[in-house]
Amino acid sequence: MREEKIPYKIYLSESEMPKQWYNVRADMKNKPAPLLDPVTKEPMTAAELEKVFCSELVKQELDDTNAYIDIPEEILDFYKMYRPAPLVRAYCLEKHLNTPAKIYYKFEGNNTSGSHKLNSAIAQAFYAKKQGLKGVTTETGAGQWGTALSMACAYLGLDCRVFMVKVSYEQKPFRREVMRTYGASVTPSPSVTTAVGRKILAEHPGTTGSLGCAISEAVETATSMEGYRYVLGSVLSQVLLHQTIIGLETKAAMDKYNITPDVIIGCAGGGSNLGGFISPFMGEKLRGEKDYRFIAVEPETCPSLTRGKYVYDYCDTGRICPLSKMYTLGAGYIPAGTHAGGLRYHGMSSIVSQLYDDGLMEAVSVPQTSVFAAAQEFARVEGILPAPESSHAIRVAMDEAIRCRETGEEKTILFCLTGTGYFDLVAYGRYNDGEMTDTVPTDADIMKGLAGIPRFPGNEI
């Protein structure tokens, strides 16, 4: 198809929207390792996991065989309020960079929550409501997941209790107020309201918190209250499953115009958008149908893929959650208080970790000043103020396009723009005022975090 026939924005019709989620684990030769009981070190059973998670979500978490799982009609109806999301040809950015590369991005910020997180939030809230629960608890970093979950819970009439990483709670007050507007209670983490929070504060006075800390508090709260369960915005396989709606829509839109990406890029914190975005394309690679180059982009302050170890580790700082085999910096690792709060998790999804360990994708880490420089440049030419998390993918997509300009290669670059940055103006202000700095953990910092990894046969660093 001739290039000029490709529109600036490619929309699928409502009837073309995917009706099933895609489970990439079904096509993985090496399946992600099972979750382990932190005490016995034995694989967690469905009955054990159901004490923490909703029953239907546990089924999805443990399913390594079914390639496609039907999306309930109620969730599809909710999706139709903001989906299908547009696939955008970045003509203005291409011209600005003077590159022969073709650049596309999937824009997930066209909903009230402002990010891709709503795709899984409504699914998890739906299953909680269907199970007859009173409410759910969760953690949030930058606040996008907490915002999405509070919106979904308000829609379904569920109580929502959010533990927000303290540094983000202070940096992003407006995100906090959106959650409260939707009826959620929001507590800065670590807090004195839980036993694990008090323990963390005693061990780390003045800490700015981490996603691992907030997870511990949310799990403790859920398991101590009748009629509540814990829900998570990233990392878990069930979350990546729900987020495949992003990749499935993207692939359908590209297939509609006979577009094949060469390079597929996503930011990586716990793996939710990255895993969901790349899954349908990765499935083709796993089945030997097509080949793509995948790049995960993480912050230099929290480089779990590029500097972590692939071992079993605690999913939370309080060490009360199951053990997951993943690329990790150690559950006790507390990254610097950078502004990409959604990427400050110490570990990576077991699915993404396995794919990376199998050599099926690449990973790079980038400094935050470089990320904000790319975000500002992108905003000025494409007209969208991107979230700091999303801007990690923008940074590397731009670098790839510049490389094409230097080599003359005409590659097709695809990345996921996970959300907007209109609640991140404190961060943009610090960048514009020249007050933003880069913090790179030393080898000693990394080793300190890794020192807390549980030691048992087969799990040595």
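Colleague: Leaving aside neighbours within four places in sequence, which residues is M398 in contact with?
Modeller: This is a predicted model, so side-chain pairs count only at pLDDT 80 or more. M398 is found in helix α17. Beyond its neighbours within four places in sequence, the contacts of M398 are L93, L97, A374 and E377.

Colleague: Thanks! Is M398 buried or exposed?
Modeller: The relative accessible area of M398 is 1%. Buried means under 20%, so M398 counts as buried.

Colleague: And how many of the 20 residues of α17 are buried?
Modeller: Helix α17 covers residues 388–407. It is largely enclosed by the rest of the structure. The count behind that is 14 of the 20 residues.

Colleague: How far apart are the end C-alpha atoms of α17, and what span should its 20 residues have?
Modeller: Taking 1.5 Å a residue, the 20 residues of α17 should span 28 Å. That agrees with the model, where the end C-alpha atoms are 29 Å apart.

Colleague: What follows α17, and what is its phi?
Modeller: The residue that follows α17 is G408. Its phi is positive, near 85°.

Colleague: How far apart in space are M398 and T418?
Modeller: In sequence, M398 and T418 are 20 residues apart. Going C-alpha to C-alpha, their separation in space is 16 Å.

Colleague: T418 makes me curious about H116. Where is H116 found, and which residues does H116 touch, not counting those up to four places away in sequence?
Modeller: H116 lies in the loop between β5 (102–107) and α5 (118–130). With a relative accessible area of 4%, H116 is buried. Not counting residues up to four places away in sequence, H116 touches E108, Q243, I246, S272, N273 and T418.

Colleague: Which element gives the largest share of the largest nonpolar core?
Modeller: The largest nonpolar core has 76 residues, and W21, I75, Y79 and M361 have the most contacts inside it. The largest share of this core is eight residues, and they come from α5.

Colleague: Which residues does the second, separate core include?
Modeller: This second core has 27 residues. Among them are L93, V263, V297 and A374.

Colleague: Back to α5: at what angle does α5 cross α6, and is that crossing right-handed or left-handed?
Modeller: Residues of α5 including L118, I122 and F126 meet residues of α6 including W145, L149 and Y155. The axes of α5 and helix α6 (residues 144–156) come within 8 Å and cross at roughly 40°. That angle makes α5 oblique to α6. The crossing of α5 and α6 is right-handed.

Key:
Residues are numbered from 1 along each chain as its sequence is written. This is a predicted model: local features need pLDDT of at least 70, side-chain atom pairs count only at pLDDT 80 or more; totals for chains, interfaces and linings use all residues. Side-chain values use heavy atoms; hydrogens and water are left out. Helices (H or I, at least four residues) and strands (E, at least two) are DSSP runs, numbered from the N terminus. Buried means under 20% relative accessible area, exposed over 50%, partly exposed in between (1.4 Å probe, protein chains only). Contact means heavy atoms within 4.5 Å. The expected span of a helix is 1.5 Å times one less than its number of residues. A nonpolar core is a set of buried Ala, Val, Leu, Ile, Met, Phe, Trp, Tyr and Cys residues joined through side-chain atoms within 4.5 Å. Axes are lines fitted to C-alpha atoms, for helices over the stretch in contact, and angles run from 0 to 180 degrees between N-to-C directions. Angles under 35 degrees count as roughly parallel, over 145 as roughly antiparallel, 65 to 115 as roughly perpendicular and the rest as oblique. A crossing is left-handed if the near helix is turned anticlockwise from the far one by less than a right angle, and right-handed if clockwise.
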